Amino acid sequence: MPKIRPERLTMPVQDPKERRRNFREVALGFTPELAREEAERCIQCKNPFCEDGCPVHVPIREFIDLLQRDDPQGALAAILRTNALPAVCGRVCPQEDQCEKLCVLAKRYQPVAIGRLERYVADLARDAGRAVAPRRPRGPRVAVVGGGPAGLTAAGTLAGFGYRVTLFEALHTVGGVLMYGIPEFRLPKDIVRAEVEGIQALGVEIRTDAVVGQSPTVDELLEEGYEAVFLGTGAGLPRFLHIPGENLDGVYSANEFLTRVNLMGAWRFPEWDTPVRVGRRVAVIGAGNTAMDAVRTALRVGAEEAMIVYRRSPAEMTARHEEYEHAVEEGVQFRFLTNPQRILDDGEGRVRGLEVLTMELGEPDRSGRCRPVPVAGSEHVLAVDTVILALGTSPNPVVSRSLEGLEVAEWGGIRTDEHGATSRLRVYAGGDAVTGAATVILAMGAGKRAAQAIHRDLAQRGEAVGG
Amino acid sequence: MFKILHKRLLTGVTKLFVVEAPLVARRAQPGQFLIVRVREPGERIPLTIADYDRSAGTVTIVVQEVGKTTRLLGALEEGEAILDVVGPLGRPAELPETGRVVLVGGGFGVAPLLPKARALKERGVHVTSVIGARNADLVILEEELGARSDRMLVATDDGSRGRKGLVTDVLRDLLDAGEVVDEVIAIGPMIMMQAVAEATRPAGIRTLVSVNPIMVDGTGMCGACRVTVGGQTRFACVDGPIFDGHAVDFAEAIRRGRMYRAEEQEALRVWEAAGCPR
Ligand SMILES: Cc1cc2nc3c(=O)[nH]c(=O)nc-3n(C[C@H](O)[C@H](O)[C@H](O)COP(=O)(O)OP(=O)(O)OC[C@H]3O[C@@H](n4cnc5c(N)ncnc54)[C@H](O)[C@@H]3O)c2cc1C
Ligand SMILES: Cc1cc2nc3c(=O)[nH]c(=O)nc-3n(C[C@H](O)[C@H](O)[C@H](O)COP(=O)(O)OP(=O)(O)OC[C@H]3O[C@@H](n4cnc5c(N)ncnc54)[C@H](O)[C@@H]3O)c2cc1C
Ligand code: SF4
Ligand code: SF4
Ligand code: FES
């Protein structure tokens, strides 16, 4: 057996100095040579632990084997058996905590770059045109609410079983966070569109501009003959800090800022109609993926300086490490252990600064984590003119408050059993709407499990496809 | 695509459309609104549901042209279609069951009073409608609203129709004359609703207003529409758009509504320079 190359191959990226001002994708993807060489690093374990780390159990060993044999089409077919959005997952999965974390190579070397290979396979196939003959399922009807990763996966899986699926989406475009949240430079929207087309080709009918709960309601859908309803409505409700000055001009939720730029194309204003205003100095409060996306977007729409303000230390940051590194390379500043107190008014209702307090790590609490405590007298003002709040989101109550008998946790999450069944007969749920803000692949896994549960439950009632 | 079945010019810049939108019409109630996108790659703008016909599956909107998007919409003709129409959004108005109500409308705000007046009349509530405009040519829907009201009062800035003055002057006249008013519902520009709320505050008359902040999604996802009501942050698109006028922080709401003034003018200038392409 040839010696294993200890380091994974690096993926070419756009020069940080260039990319901090454009919206083109940061990571450029493997060339065939790089992909080939990286695939060779996989030792084809008898017991591929990597697959246990993947929430949807992509047949990782098999697809890499096919790559080693120079059969990317075969590799794609293998991936698509369990993952309908490989070009998305290959880009945005937190692989370092999932599949790659459990790769045997990780014990001594760097793990196989599974995500990058998955992306390579999906991109190659898309460029070659994925000609799927459109299908027309004839089975019973099922409604899916929400066109994010959870809803798309549930819809695709159900259509695959042969159900006639209608997917209802509140916005004018499906994709959920993939369209309105994650920026173009990290996940090009054409890729999301192509993956959505793949799901439509399975026979899923998509109805945009439909806010379920307002019109139609879930009860109406059930009365109209949908045998089951899946709720994949996400966790889109932004949190605010409730500190003084939050309603000044120049204060955005990350959701508003990213939606204006990504979904509404404000970076192309005035050719596109929706504006966004970002000043010269921008502070983003928070340190998750959303905060990284907002701060890097701020640079790209013209901010001279952009910084992260976070009350904890780097160790508690929830953003993917790669995103953090990319942000550093692009010149984003980081102010850790810095707690916002209030946003200051310039006298005309616009932001003039952010007053913060320095924190230090105190004694470890019972969980062993050091809690940040304020340093007395450390108030100071960061001179910024835009503040973006990336403090997390919670499930949107529009559907749940319209549906009687649906059990919802105090914090807003829809309650389900482990298969996705809710307290209401024929109503299932999954993704961020159930777990709170999580990840794309977990939402997909939930969508798939619920689709299987729907199929099984309908079969038990003799209402399933072919039943 | 949502087809325009009927179009009517109310004034040079105010246009009424009847649009085919069965999903919206099915559940629309007085006080709710919808969001439209006229074209790709257009802005999402909120418009009040001025009327609806459930059996025909249509909704009526009245649009006042104030900028690029409302002008693009105003330029559409019968038989053409609006790219996106989504709704009904927001919470329905909680209308009183009995008593005497004054409806106050300014600008496009006259139109959304129509379904409210109809619903109130059906309950036997006594309805006085007060509408205003700069001059007689800009007064809209006087006849339609008059037909659904017990009394119809008009004010114009120049006195060319009805009383000379503002709608709030008419309202004050009524209150000064000792008229019994149980509730006031005001719809129109923020500044007008603020003045109405101030006029009714001393007498403590319950006053509902329909705020119109800048919106993006209209489903509670972005917080652009947040307004301070009774010291608390509320999202107009899901918690409103109707709030207690005495509790709304109008100064803040008016300021936030102007946030994009420079960009809006820029968009209009670039668009006009290009010959207003559709
Ligand atoms: C900025 C940002 C960056 C992120 N980065 C990453 C990352 O790098 N990697 C990762 O794995 N995860 C990331 N995440 C998290 C990930 O995107 C989410 O966990 C995932 O999208 C959840 O999928 P979902 O289908 O449950 O919900 P969503 O993607 O939120 O989709 C829900 C959909 O339902 C629609 N909807 C809501 N209510 C209704 C209704 N009443 N009627 C009809 N439709 C409705 C919404 O409009 C939306 O389209 C990120 C999230 C954000 C916000
Ligand atoms: C709940 C609600 C109901 C409304 N009902 C009606 C109606 O029935 N008829 C009608 O003519 N108008 C209505 N409006 C106002 C209408 O949405 C704005 O006039 C429209 O968005 C202006 O867009 P524009 O591009 O033509 O003008 P712009 O030049 O972009 O803006 C002109 C002014 O409109 C406001 N505005 C701009 N963008 C938005 C936006 N995305 N959302 C809300 N306001 C904005 C701003 O205050 C701005 O100063 C309503 C607004 C709300 C929030
Ligand atoms: S879907 Fe995500 S977790 Fe699964 S193999 Fe692909 S990158 Fe890894
Ligand atoms: S664990 Fe790593 S080396 Fe083993 S099959 Fe999976 S990717 Fe290949
Ligand atoms: S318009 Fe986005 S939350 Fe109300």
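The residues of the shell around ligand 1 divide into 18 nonpolar, 12 polar and 4 charged, where Ala, Val, Leu, Ile, Met, Phe, Trp, Tyr, Cys and Pro count as nonpolar, Asp, Glu, Lys and Arg as charged, and the others, Gly among them, as polar. This is a predicted model, in which local features need pLDDT of at least 70 and side-chain atom pairs count only at pLDDT 80 or more, while totals for chains, interfaces and linings use all residues. Residues are numbered from 1 along each chain as its sequence is written, chains are lettered from A and ligands numbered from 1 in the order in which they are written, and side-chain values use heavy atoms, with hydrogens and water left out.

In total, 34 residues surround ligand 1, and the closest are A:Val92, A:Ala150, A:Glu169, A:Val212 and A:Asp432; a residue is near a molecule if one of its heavy atoms lies within 4 Å of it. Of these, A:Val212 has a polar backbone atom 2.8 Å from a nitrogen atom of ligand 1. Taken alone, ligand 1 exposes 1000 Å², of which the protein buries 94%, the areas coming from the Shrake-Rupley method with a 1.4 Å probe.

Helix 9 (149-161), helix 14 (289-300) and helix 18 (440-460) of chain A are the elements that give two or more residues to this shell around ligand 1, helices being DSSP runs of H or I with at least four residues and strands runs of E with at least two, numbered from the N terminus. Helix 14 of chain A gives the most, with 3 residues. Because domain 2 (141-236 + 394-460) and domain 3 (240-391) of chain A both give residues to the shell, ligand 1 lies between them; the domain bounds come from an automatic or database domain assignment.

In chain B, B:Arg39 lies in the loop between strand 3 (33-37) and strand 4 (45-48). At 18% relative accessibility B:Arg39 counts as buried, a word that means under 20% relative accessible area (1.4 Å probe, protein chains only). The side chains of B:Arg39 and A:Asp273 are joined by a polar contact of 3.0 Å, that is, a pair of N or O atoms within 3.5 Å, of which, within protein, one must be able to donate a hydrogen and the other to accept it.

How values were computed: Buried < 20%, exposed > 50% of the residue type's maximum accessible area, 1.4 Å probe, protein only.
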